[in-house]
Amino acid sequence: MKRVLCIVCLLAFCSFSPAVFADDTAERLKNLEDTVQNQSKTIEEQQNTIDTLKENFSKEKNQVSPEKGQVPQQTDQELQQKIEELNEKVNQVVETQKKEIPSVFNPAIGFVGETIFSYSSEGSAETGSDRPGGFDVFQRSVELNAAGSVDPFAKAYVVINASDDPVTGESTLDVEEAALQTTSLPGNLEVKAGRFFGEFGRLAYIHDHELPFVNRPLVLEQYIGGESRTDGLQINWLVPSEHYISLTLGAGDQFGGDNPPNYVGDTRNGTGLNYWGRLSTYFDLTPNISLEPGISGLWNPKTVAQWAPNPANPSYPTVDGDTFIERERRLAGVDLVLSWKPLRNNQFETITWGTEVLYSDNRYDVMDASGSALPSRTVSSHGVYSYLTYKFDRQWVAGIQYEWLENMLNNQAKTSAESANITWALSHWNQLRLQYTHTDNNAATGLRPYDAVYLQWAWIIGSHAHGWQQR
Amino acid sequence: MGGNNADFGKEKYAMKSKLFSVLWILTLTGALCGWATPAHAAKIRIVTTLTDLADFARAVGGDNVEVHSLATGVEDTHGVPMKPSFVPMMNRADLLILIGFDCEHAFLPALLEASKNPRIQKGTSGYVDCSKGIIPLDVPKSTDHYQGDVHPYGNPHYTLDPVLAKTAIENIYNALVDFDPQDQAEFKHNRDAYFTKLDAKITEWKMEAKQLKGVKFVSYHEHWPYFAKRFGLDYFGTIELKPGIDPTPRHIEELTRAMKAEHVSIVVREPQFPEKVPKNIAEQTGATMVTLPIMPGGVPNTETYIKMMDYIVHTMVDAEQTRK
């Protein structure tokens with residue numbers, strides 16, 4: 001009975017707790033409280049049964065003669081058993097209340113860390129990388145992820161990234177994502193607003209540590225500008241069909257984590273923003289084999305002095321001494337993922353082939369070395385990456401990757417790279433990846449071929465979610 | 001700048017603009033072609049995460065329901081693939097029935113978000129958590145990842161105890177009555193008929209499982225505490241080091257040694273896990289390895305919950321009898 005009282009007190013205490021937990025936790029607590037209430041009822045009923053049994057036992061004890069003592073002994077055993085069962089149940093309920101959950105706080109909080117150990121056969125001047133050649137150790141990022149419900153109509157998430165400047169070593173904090181996402185719009189619509197990774201292609205909106213290889217594909221690095229980060233608004237529509245079709249449209253300033261925001265001067269009209277869209281679908285070819293194609297497009301009608309002089313990017317890019325000032329940005333992409341994922345053993349064995357082809361068709365104002373204006377130019381360039389991964393054990397994945405691209409400013413400058421890697425996932429939260437990459441740069445790039453070996457060590461603590469893009 | 005398209009006339013520029021316009025039109029047309037207004041079905045559309053829940057929903061709902069399960073039965077309960085083809089199905093669902101206790105945390109939250117169906121989101125009456133009223137076993141005091149991929153609310157595999165499965169059925173019944181009160185009488189009739197059948201089987205299974213009283217067994221994953229408790233078996237341990245974490249050689253060595261010392265007689269291998277390690281452990285310890293489904297359809301001839309429990313109890317009893 002004392003335990004029942006304890007539970008009631010515990011519930012009373014919980015009901016007066018400050019409302020620091022938001023919906024998710026509150027809901028969990030509510031469910032737990034419901035469970036406790038149900039069990040309290042059960043316990044009370046069982047306590048009543050025990051009381052009745054005790055009463056009966058007492059009566060029987062008084063009535064039964066000494067030579068019939070066998071019967072009360074059995075009743076006593078039954079009673080004891082019931083009390084033990086009851087104790088066990090109460091203990092379980094109490095244990096349920098005592099547990100700690102990583103996401104007990106609202107928002108749920110988690111950290112991701114990623115360290116890259118590498119060796120490159122050429123220096124940064126020859127590779128074009130912002131990392132030095134030879135041996136290098138690089139804490140690529142530490143991410144703080146927080147997510148939670150805002151109210152019954154929306155949720156929000158924030159990703160704060162801490163990284164070191166490759167040259168000065170100075171640590172900087174950066175808001176990588178901070179966005180609000182609706183959860184209850186009618187018409188199969190979802191709106192996302194704030195800073196987020198815009199939906200373009202297959203891997204552009206995936207964080208580095210979730211990629212199937214160590215480095216972001218070169219074509220995404222160059223044509224998109226790394227992750228597809230934007231400050232904007234995106235609408236996703238699930239087409240109300242028997243077949244899965246998803247359509248996304250968005251608009252925003254800046255598109256690409258490495259790109260600066262457009263320099264706008266005093267005012268900007270709608271043509272100064274980036275507009276993007278993506279259409280994707282999915283086919284179950286067999287229960288174990290699936291095909292997921294998609295097409296994407298990005299258009300900035302009037303890139304108002306993209307790469308304009310500013311503290312972050314003090315100069316325009318140059319090619320052969322000519323200065324390029326982006327005036328219009330146009331990018332299209334086609335992507336395809338073919339997966340063999342056996343239903344029965346999908347945690348132990350899968351094969352995935354993914355390919356994405358991008359076509360860039362940007363228009364530039366050009367100035368020669370003396371600052372005289374030359375005719376504007378449109379540079380059409382292509383790039384592709386393709387990878388194959390084979391998960392042959394719950395902990396092990398082997399992968400190969402091929403990349404090829406034309407420079408978006410000079411389509412005669414071509415780069416290709418071949419990689420092989422092996423991943424050892426000790427658990428969901430602790431993963432090592434060893435990768436070898438050979439990169440070929442042709443003469444027009446002004447860079448040299450080189451070899452590199454990477455060891456990536458990524459870890460997660462705290463809350464983590466299995467996101468839709470990780471499927 | 002050699003090699004670049006230095007000469008781009010207005011004509012070429014216009015052509016490229018048209019190409020991009022065509023791409024956008026194709027995108028929109030493709031989307032609109034897929035448009036199909038969902039028919040308002042007379043039947044209650046139910047999506048369940050696992051096949052045992054689908055079996056229960058069909059039993060209680062009868063002809064009034066149309067039930068789809070995300071799992072086919074052969075998957076790991078925690079590892080159902082997140083297929084986009086599930087999304088339209090969930091988008092149209094009236095009720096989503098799940099095991100709860102975070103059993104489906106690896107796939108359900110993302111699918112729910114993608115479904116964009118406000119009727120079945122967590123906290124709504126369409127979100128039917130069958131763990132309501134179940135007292136969980138193995139509730140961890142801490143969910144630090146040192147303990148592996150633990151379930152913070154306790155072990156979620158309670159439907160392997162047929163008595164607790166009745167609580168899940170009751171929750172499904174309540175959800176159906178809430179959704180469609182007009183058909184309450186039919187749901188009640190169906191539920192009672194199923195309970196009668198299940199109760200008879202429970203009595204039968206208990207009788208048969210008397211031979212298993214105190215029998216020690218191990219399994220690959222922690223699927224069996226409720227089953228063991230109900231039928232009086234001694235659940236000795238798991239082959240996994242921790243939930244969701246494969247065994248290390250040292251763990252296998254220690255487990256094997258302990259199993260020999262304690263005369264553990266049965267090694268249960270769930271079919272979604274590889275056979276090699278359980279088989280080796282069984283050979284080294286002299287135990288019998290059995291392959292048991294964890295939801296209907298996991299192995300042949302277990303299409304319904306009752307058939308599955310029949311299979312589990314018979315297989316365990318056979319294994320013990322063979323050993324003797």
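**View 1. B:V47 stands opposite B:L96, a residue of strand 3 of chain B.** This is a predicted model, in which local features need pLDDT of at least 70, side-chain atom pairs count only at pLDDT 80 or more, and totals for chains, interfaces and linings use all residues. Side-chain values use heavy atoms, without hydrogens and water; residues are numbered from 1 along each chain as its sequence is written, and chains are lettered from A in the order in which they are written. Strand 1 (residues 44-48) and strand 3 (residues 95-98) of chain B pair in the parallel sense over 3 bridges. Strands are DSSP runs of E with at least two residues, helices runs of H or I with at least four, both numbered from the N terminus; two strands pair if DSSP finds at least two bridges between them.

**View 2. Helix 5 (residues 162-179) of chain B packs on the sheet.** Helix 5 touches strand 1, strand 2, strand 3 and strand 4 of chain B, contact being heavy atoms within 4.5 Å. The direction of helix 5 makes about 170° with that of strand 3; axes are lines fitted to C-alpha atoms, for helices over the stretch in contact, and angles run from 0 to 180 degrees between N-to-C directions.

View 3. A disulfide is a pair of cysteine sulfur atoms within 2.5 Å. The sulfur of B:C103 has its closest cysteine sulfur in B:C130, 11 Å away, which is too far for a bond. B:C103 counts as buried because its relative accessibility is 1%, and B:C130 because its own is 0%. Buried means under 20% relative accessible area, exposed over 50%, and partly exposed in between (1.4 Å probe, protein chains only).
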